[in-house]
There are 2 protein chains.
Amino acid sequence: MSILRFFTPQDINEARLTGGPLARRQKSALDMTIPATMAKTIETGRLDAFRLDWKPGQPKMPHVYWDSDTAKVLEGMAAALSLRPDPALEAEYDRWVDLIVSAQQSDGYLNTHFTAVEPEKRFTNLFRDHELYCCGHLIEAAVAGYTLLGKRKLLECLCRYADYLCGYFGPGRHRGWPGHEEIELALMKLYRVTEKKEYLELAQYFVNDRGTEPHFFIEVEKTQGDGGGQRTSNQTHAPVRAQTTAEGHAVRAMYLFAGAADVAEATEDVELLRACEAVFENVRNRRMYITGGIGSSFAGERFTTDYDLANGSLMYAESCAAIALVYFCQRMLNLTGEEKYADVLERALFNGVLAGIGLSGDKFFYTNYLEVDDSLYCYNFGSPVRREWFDCSCCPTNFARFLPQMQQYLFSVSDQELWLHLPVDAEIRHRFANGSVARLVVTGGYPYNGNLAIEVQEDGDYTLAVRLPGWCNRAEVKLNGEVVYDGAGGKYLPLARQWRTGDRVALALAMPVEFVRCNPKVTANAGRVAVMRGPVVYCVESRDLPGEVRNFRVDTSHAPEVTAMPPDLPPDARAVKLFGVLEESPSDEPLYFTGEELPCVPCEALAIPYALWNNRGPTNMAVWLRTAKAVSRTEQ
Amino acid sequence: MSILRFFTPQDINEARLTGGPLARRQKSALDMTIPATMAKTIETGRLDAFRLDWKPGQPKMPHVYWDSDTAKVLEGMAAALSLRPDPALEAEYDRWVDLIVSAQQSDGYLNTHFTAVEPEKRFTNLFRDHELYCCGHLIEAAVAGYTLLGKRKLLECLCRYADYLCGYFGPGRHRGWPGHEEIELALMKLYRVTEKKEYLELAQYFVNDRGTEPHFFIEVEKTQGDGGGQRTSNQTHAPVRAQTTAEGHAVRAMYLFAGAADVAEATEDVELLRACEAVFENVRNRRMYITGGIGSSFAGERFTTDYDLANGSLMYAESCAAIALVYFCQRMLNLTGEEKYADVLERALFNGVLAGIGLSGDKFFYTNYLEVDDSLYCYNFGSPVRREWFDCSCCPTNFARFLPQMQQYLFSVSDQELWLHLPVDAEIRHRFANGSVARLVVTGGYPYNGNLAIEVQEDGDYTLAVRLPGWCNRAEVKLNGEVVYDGAGGKYLPLARQWRTGDRVALALAMPVEFVRCNPKVTANAGRVAVMRGPVVYCVESRDLPGEVRNFRVDTSHAPEVTAMPPDLPPDARAVKLFGVLEESPSDEPLYFTGEELPCVPCEALAIPYALWNNRGPTNMAVWLRTAKAVSRTEQ
């Protein structure tokens, strides 16, 4: 495995989403998600916290993680402005920046809780108090404001803070590990735009010192008695470069390894890259839901053990964790050029991530169940309905910044190559070092359609590498009508030529409905199948069959039919009609009874993309379906 | 429904267990459970708490529920002495009684926590503090000491306490509802031996006032801010006689309705009896595991919603709750003479109750899972291994008193009738009012064998009513070789005659292995079957098949074979050999894959009685098994 070092374009707006689910969600983000999360950030006091005027006994005490929410919404505001100018929004953006910058201390420190509430505790409990996590998100917001809008004020402010951190932490200075990673990848972003190597060195320090002995959290515990000592829960069970499995809090783990991948790239640290690779393989092959959701336990919001992937109320799969997996995959893809990373990236993006936000753009899931049965008492703890906000509101604010920047996942470039990862409807324009400009228009309605067209709109000399997805068993590629590839997916097809305006690449990605089975080591899915079409995972809501999905058994020997979506859901998507049987209850409703299998009646069920579930009101739902062969054969 | 008013014999030792699982567990109770729980009661300070010399800052502060544990062990000691004289044990028993009596206050009050720790809080938080619950268990211990051993000292002590309660609670005096019911059934026991109607009236008050408006717990909450207000969690959502479903904490609910049934019997209160009946039907038809376990949620140890019967780590089915269900069933059986109560009683007794204690007699389950898969992270919270004791040790102490008194469930009597409920190996001797003596010897090895003999050993004039169980589709009864009944079960067969020494009743209860299915409204058991033989529920431990039980699929079209038990388990029990298939993992172990069903290999699995699981070390286990028809047909 070598370090290939693609880059995503500095200006993420070299790609513009023009259709399909990503464009739809991005529009709803600009129309709804950004305004809604801005309003909540103000209403809850998170923004005014930067006035530093909170006094004991007053309401709205700045919480240790508040700054991160404000920063993520601010990052989203910058991305929104870069997509759609809006003077009123820009004025509000500038106001937020002024307020945040005004809270910076003379030494560069910037944190509302540890300035206004507990100034004496600065950097005293890195494990619990999200201090460096908040700093990291402020840095990401600052970098976005600079790269997307050219605004320097917040960037300079965060550089001062980062300079302060560089003087405080590191070899020969204070030791410290963040309990919730994020600072590592943020410092790497800051390093990329400033090229100031101290930021790289501090990120490198946080990555390399973590998990080494003496164990920093356990040392802290000895003196402060706090619970930072558990090793696997916070990715400190081994030095990061020695880790081989995804452990502990899923968001923290993915943020850490995203930052570690950045460090590996910048320092050509192949050993560190190997650790990132091993962790990714553990996630992909042992610890990831079919939707790309990760962190299967509600207890600790964490990775657990191999094959522990319960679908129901014990599970978690936090929206932020799916987003964090996308961050990690993007970096690994750019580092290695291996197609498998794009497979997992789009699995998470089109399914686990988009399911976390409602079509209205202002309601969010924290937990993303793969099976819901509201007859079960456990759901009384929190019936699965998307909510506008949470006390700990990381998920809504993550969507606020993620959705306006999704175009960055469409392609990557190197000196002479443009690697197209996601052939969704989009317009792409990239100028290479040699002056050539790749101007491409992608159409066809991916991921709901596999027949796609890439139209070249400007002459240029470069290589267009087209991804043939790993899920695709037969991909045909035509260049100006001539077949240049016909075979399996799971690779990139490089097309090097002098491109001429009007050149046309046609992709035909065979996209049959597939019944997907799960490794039998996963107890929850024993004897069940999931339905996929291309990269899209489907689910069945009880409203779309004449009974409860728990009693539906799909007949895998009866070919499903691709059909139109039900009313009130996006018509460009595709539904799948499934054929099977519905178990009927015995008339006298005994709880237990002997004798033959339950009577079944033939039954059709409509499956819809998992990312669109729960947009027609609360409903019971299942991704993994029981099969009907037993019954259909018996009845013959 | 009329009030029939059987009685269980005053002297429970009119029946003596001579063989089978009940006799075995009773022996282990005398040999191990009683000594082990006595030692823990002393070691943890529960007994010495009655010295009332605890001081702030000292360890072993008497907890609000400690007295109940001591009382339950003391009740068990009395029962053990009545079965097997033991001078050393009797001396210890007398020492415990002296110590307990010495803690009684001049006004009759007796509670270690509210005398030594928080005297000022007496009766201030009935919802939370188990005060009347402890009193109830002390009363039960006192009644057992008197009825089984003829010892009066503790009984007189508790009568003084009960007199104090009668002067404190009730109409025109203080209002009060116990948060954890128990006092009701205890007062009824005390009433039966003393015939003092004030005790009946106080029990009647606690039952009749509960759930009426103004809501006592909510009134308390207004002044004390404590959480007693939730209505369903503590059976106060409606007046007891208006309740129709089993709600809230399962042990509390069953103790309440056991006491309510006692009050209904003593006061010929048919309306109250109807409420008991409705609650029982809700438990039996909607909220009871196939094992007789109840209280399906670990959160609140409680009844939840109809058909919410998860088998795995979300479940609870506390051992005490199965025991409490036996108490409730016994009372309803004696009140109505309806066979269905005996069906549920033996279902809970032979399965849910006995599974809660290990064969060694000194290890206990609090939670009784129906499915265990230790690959799931959730079990890391507490891997299912029986433990010697718990901080809240209600289960071990309940076994200490329950096991030595199981013979009381074998039969009931009225003036001229002996109703044989459980035809386990036993010797029975009862003298009727008319002077006739029923002396019977039951043999045959029930519940593992259906061919049973009842031998009459003394002449007498009475009716012997033999239970033909509800699970039995064909029961043949012979009297001295002559068939007197041949038909379905679900009733009692009364045999009235001048019995002669040597008369012999032969029961042939057809006991095939049955595949039991579950109402499809129960999500957890969709597409699964359980294995039963007679009243015995079976399970499969992974150690008894060449793989993991999660990958085993039983072929219900292949007749199971009754066979010998595996080594290290009681040989008088019966195992069942099941035939099916074992799913194999794809060689490269993908997490998700498309294509045909998993390859399966033919596989045999040995099922053992659920009550005996986890006696050969920790293991994965399942009661509800997937079926194999799909595969076996496909492979043809």
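Me: Is Glu268(A) buried or exposed, and at what relative accessibility?
Reply: This is a predicted model, where local features need pLDDT of at least 70, side-chain atom pairs count only at pLDDT 80 or more, and totals for chains, interfaces and linings use all residues. Residues are numbered from 1 along each chain as its sequence is written, chains are lettered from A and ligands numbered from 1 in the order written, and side-chain values use heavy atoms, without hydrogens and water. Buried means under 20% relative accessible area, exposed over 50%, and partly exposed in between (1.4 Å probe, protein chains only). Glu268(A) therefore counts as exposed, at 53%.

Me: Where is Glu268(A) found, and what is its phi?
Reply: Helices (H or I, at least four residues) and strands (E, at least two) are DSSP runs, numbered from the N terminus. Glu268(A) is in the loop between helix 10 (250-267) and helix 11 (270-286) of chain A. Its phi is positive although the residue is not glycine, with a value near 50°.

Me: Which loop holds Glu195(A), and what is its phi?
Reply: Glu195(A) sits in the loop between helix 7 and helix 8 of chain A. At 66% relative accessibility, Glu195(A) counts as exposed. Glu195(A) is not a glycine, yet its phi is positive, at about 55°.

Me: How are helix 7 and helix 8 of chain A oriented to each other?
Reply: Axes are lines fitted to C-alpha atoms, for helices over the stretch in contact, and angles run from 0 to 180 degrees between N-to-C directions. The axes of helix 7 (residues 183-194) and helix 8 (residues 197-209) of chain A come within 8 Å and cross at roughly 160°. Angles under 35 degrees count as roughly parallel, over 145 as roughly antiparallel, 65 to 115 as roughly perpendicular and the rest as oblique. Helix 7 and helix 8 of chain A are therefore roughly antiparallel.

Me: Which residues of helix 3 of chain A contact helix 1 of chain A?
Reply: The axes of helix 1 (residues 20-43) and helix 3 (residues 87-102) of chain A come within 13 Å and cross at roughly 35°. Helix 1 of chain A contributes Met38(A), Thr41(A) and Ile42(A); helix 3 of chain A contributes Leu89(A), Glu92(A), Arg95(A) and Trp96(A).

Me: Is Arg401(B) buried or exposed?
Reply: Arg401(B) is in helix 14 (residues 394-402) of chain B. Among the residues it touches are Glu75(B), Glu140(B) and Tyr327(B). Its relative accessibility is 1%, so Arg401(B) counts as buried.

Me: What kind of rotation axis relates the two copies?
Reply: Copies are superposed by least squares on the C-alpha atoms of residues with pLDDT of at least 70 in both. A rotation of 180° with 0.0 Å of shift along its axis superposes chain B on chain A, at RMSD 0.0 Å. The copies are thus related as by a two-fold rotation axis.

Terms used
Contact = heavy atoms within 4.5 Å. Lists of a residue's contacts leave out its neighbours within four places in sequence.
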